[in-house]
Amino acid sequence: MNAREEQETVAGKAYDVELARRLWRFIRPHRKVFFLSALLLPVHQVFNLVQPLLLKAGFDAVAAGDGVTLFTTGVLFGVALLAEAAAFFFQYYLSMLVAQRCLADLRVKVFSHVQRLPMSYFDRNPVGRVMTRMTTDVEVLQEMFAAGAMNLVADLVLIVAIVTIMMSLHLELALVSLAMMPFLLLGINVFRLKARQTYRLIRTRIARVNAYLGEAIPGMAVIQLFNRQERSFEEFDDLNRSHRDAIRRSNVYEASLFSMVEAAGSLSIALLLWYGGGEVLQGIVSIGTFVAFSEYIRRLFVPLRDFSNKYAVIQAAMTAAERIFELLDTPVERPGRAASPDPAPAPAATAPAAGLASGVPGPAEPAEPATAPAVIQPSRGAVEFDDVWFSYRPNDPVLKGVSFRIEPGERVAVIGATGSGKTTTIKLMSRFYDVDRGAVRVGGRDVREWDLDALRRHMGVVLQDVFLFSGDILSNLKLGNPDVSEDRVRAALRNANGEGFVRRLPGGLQAAVRERGNNLSAGQRQLLALVRMFVVDPEILVLDEATSSVDTETEFLVQGAFEKIMANRTCLVIAHRLSTIRNADRIVVFHRGVIREMGSHSELMEKGGVYYRLHQLQFQGEGGAADAPGTRDAAAVD
Ligand SMILES: Nc1ncnc2c1ncn2[C@@H]1O[C@H](COP(=O)(O)OP(=O)(O)O)[C@@H](O)[C@H]1O
Ligand SMILES: [Mg+2]
């Protein structure tokens, strides 16, 4: 928790040129509206400041018995009031318009960036934290606009203007009624520092609440199964309380500050009455000046009171901006290395597809190196692991010098115990991660030199746990690609023998899929994932066979679809079914991150090594049930 708290707490600066410059990039496209709103600010203030002067003229007119002047000042006062209100309305409306537009842009920008982040980022950052960047942190920026924090400079100008006007009206009276000011400023400064700490605490704690929810809600099934509700409740209760307490502390500071400023204001009025009242009675000061003073004092204390609050909001906003930009600065997956010694392949073949899935690069994004996207040419679909070393965490290698080759059209089965590094090979092939040493080559080319979109388009991957998005079956099979026709989907379904299965779902292709596809069974999801492969028809197929057994009927369908999609294709299958393993051209046996054996089924059986023993143990007398030769027992056999 401590580490997280530290990470969530970034020292707040109220003003940071670099941050302001970057925020400005988001305001820039809406600068016309922004400047219009900024322009209305002094207009609003002028109409505000002129009112006490009009009151003064009015009261003095009363004292002098001048009805005409009284009438004109009355009319002017009304005009000033209306103009002030109108200017305020449009100023606020326009500034919020800019705010909402900028923040919507910012969210899109963050989302498109998150979409391109490497998997290692999500290993390090919990969902809740990533979501906080896009929700709470963006809202804090919005508060900056809403609180009029951008008007801090204008407020300072206002304060100076009021003091100047008061002094020019009557210096002596001004000095007396402003006698409280130094004390007040001192007090405000003390509160500002106190409040700053609590504001930061509040941000940290709300981030923790979000992070907790981000884990607890998706994990609700486990919480309920293990009767952890009470524990979870207590944990959440703790986090929630600490957040509440932080807010309560800030409330105490705010309440004290407000009452202090109110008291100081009242005291100033009292001083004015005591001193100025006498002067008026003696006829030294006019009643109008006296009224104008009391009005100015009132107007002076409002920006003073809000100053510390606005300052704190700016600080919080800068902290939030810092975090958002930190996320935006996290390097995204590189589409490829700039220079390549290989002869450049004809770019025309893949040119139209280049822009297909490449996010929405904003104007601020550094230009990505324009490498010609690689095309599988000379050795179509070949895959090669060349002395690959890889670790998720430093000094904890998961793959240790793995080398193997899949020829075009060859089918290779990978087997091995849980945790031996099988799935990791897939992640390296599709470049979710980059190797530490060695190279992974696809089509004779290092995956790091590939255009990432092109690489992934050539490679169809079915992961162990199939993830479906909420929507319907059709949209999940199309995977959001509008170019895929429904006919193509139907043809794929026919090929995968999945027609009957889909027909039986309520609504067929339009059958609803809930979030994560949790209204479908694991087997059904797997079958759909295979149909997806028929739709995309990839050159290289990578399958992580599910270990969970499915019902016999679905299993039959899945197995049939498996065989069909793998035919005449370069395939890497992390296999658990005996049939898949037997039918493979070559079997690679993984053990703790190294390749232990490699060869065809008959070769390995003849050899009488690890594979032979696994086979004896797992499949004796079995007809190829969906059991796993390596899931638990390889280590035991060894
Ligand atoms: N995202 C990750 N972060 C850290 N370690 C991981 C991650 N994914 C897998 N590992 C570790 O890497 C090793 C190999 O995992 P994996 O390739 O998934 O094994 P399997 O052969 O069961 O598919 C395991 O010890 C696992 O704990
Ligand atoms: Mg695995």
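Start by selecting D537, which is partly exposed, with 13 other C-beta atoms within 10 Å. With C-beta atoms placed from the backbone, a residue counts as buried if 20 or more others lie within 10 Å of its own, exposed if 12 or fewer, and partly exposed in between. D537 sits in the loop between α19 and β9, and its phi is near 50°, a positive value in a residue other than glycine. Helices here are DSSP runs of H or I with at least four residues, strands are runs of E with at least two, and both are numbered from the N terminus.

Before moving on, a word about what is on screen. This is a predicted model, where local features need pLDDT of at least 70 and side-chain atom pairs count only at pLDDT 80 or more, while totals for chains, interfaces and linings use all residues. Residues are numbered from 1 along each chain as its sequence is written, with chains lettered from A and ligands numbered from 1 in the order in which they are written.

**The whole protein**

Zoom out and colour by pLDDT, the predictor's confidence in each residue, from 0 to 100. The average is 82, and 86% of the residues score at least 70. Residues 1–12 fall below 50; beyond near neighbours in sequence, that stretch has 15 contacts in the model, a contact being two residues whose C-beta atoms, placed from the backbone, lie within 7 Å. Residues 336–371 are also below 50, and this stretch has 43 contacts beyond near neighbours in sequence.

Switch to a cartoon and you will find 24 helices and 12 strands. Of the 638 residues, 35% count as buried. Among contacts with a separation of 6 or more, 80% are between residues 24 or more positions apart.

**The six-stranded sheet**

Next, select the open sheet with the order β6-β9-β10-β3-β11-β12 and mixed pairing; strands pair if DSSP finds at least two bridges between them. β6 (459–462) and β12 (594–599) are at the edges with a single partner strand each, so one side of each has no neighbour in the sheet. From one strand to the next, the twist averages 15°. Axes are lines fitted to C-alpha atoms, for helices over the stretch in contact, and angles run from 0 to 180 degrees between N-to-C directions.

Inside this sheet, pick β9 (residues 540–544) and β10 (residues 570–574): they run parallel and are joined by 5 bridges. Look for D544 opposite I574 in β10.

**The four-stranded sheet**

Move to the open sheet with the order β2-β1-β4-β5, where the pairing is antiparallel. Its edges are β2 and β5 (445–446), each having a single partner strand, so one side of each is left without a neighbour in the sheet. α14 packs on this sheet too, touching β1, β2 and β4 (437–442), with its direction at about 110° to that of β1.

Zoom in on β1 (residues 383–391) and β2 (residues 397–406), an antiparallel pair joined by 7 bridges. Across the pair, F390 stands opposite L399 and W389 opposite K400. In general, side chains in a regular strand alternate between the two faces of the sheet. The hairpin has 5 residues between the strands, and there N395 takes a positive phi near 60°.

Which residues are around ligand 1? Select D123, Y392, R393, V398, G416, T418, G419, S420, G421, K422, T423 and T424; a residue is near the ligand if its C-beta atom, placed from the backbone, lies within 6 Å of it. They divide into 2 nonpolar, 7 polar and 3 charged, where Ala, Val, Leu, Ile, Met, Phe, Trp, Tyr, Cys and Pro count as nonpolar, Asp, Glu, Lys and Arg as charged, and the others, Gly among them, as polar.

The largest share of the shell, 3 residues, comes from α14 (residues 422–429). Of its 8 residues, 6 are buried: K422, T424, T425, I426, L428 and M429. Just after α14, stop at R431 for a positive phi of about 55°.

**A last stop**

Finish at N497, in the loop between α17 (486–495) and α18 (499–504). N497 is not a glycine, yet has a positive phi of about 55°. Is N497 buried or partly exposed? It is partly exposed, with 18 other C-beta atoms within 10 Å.
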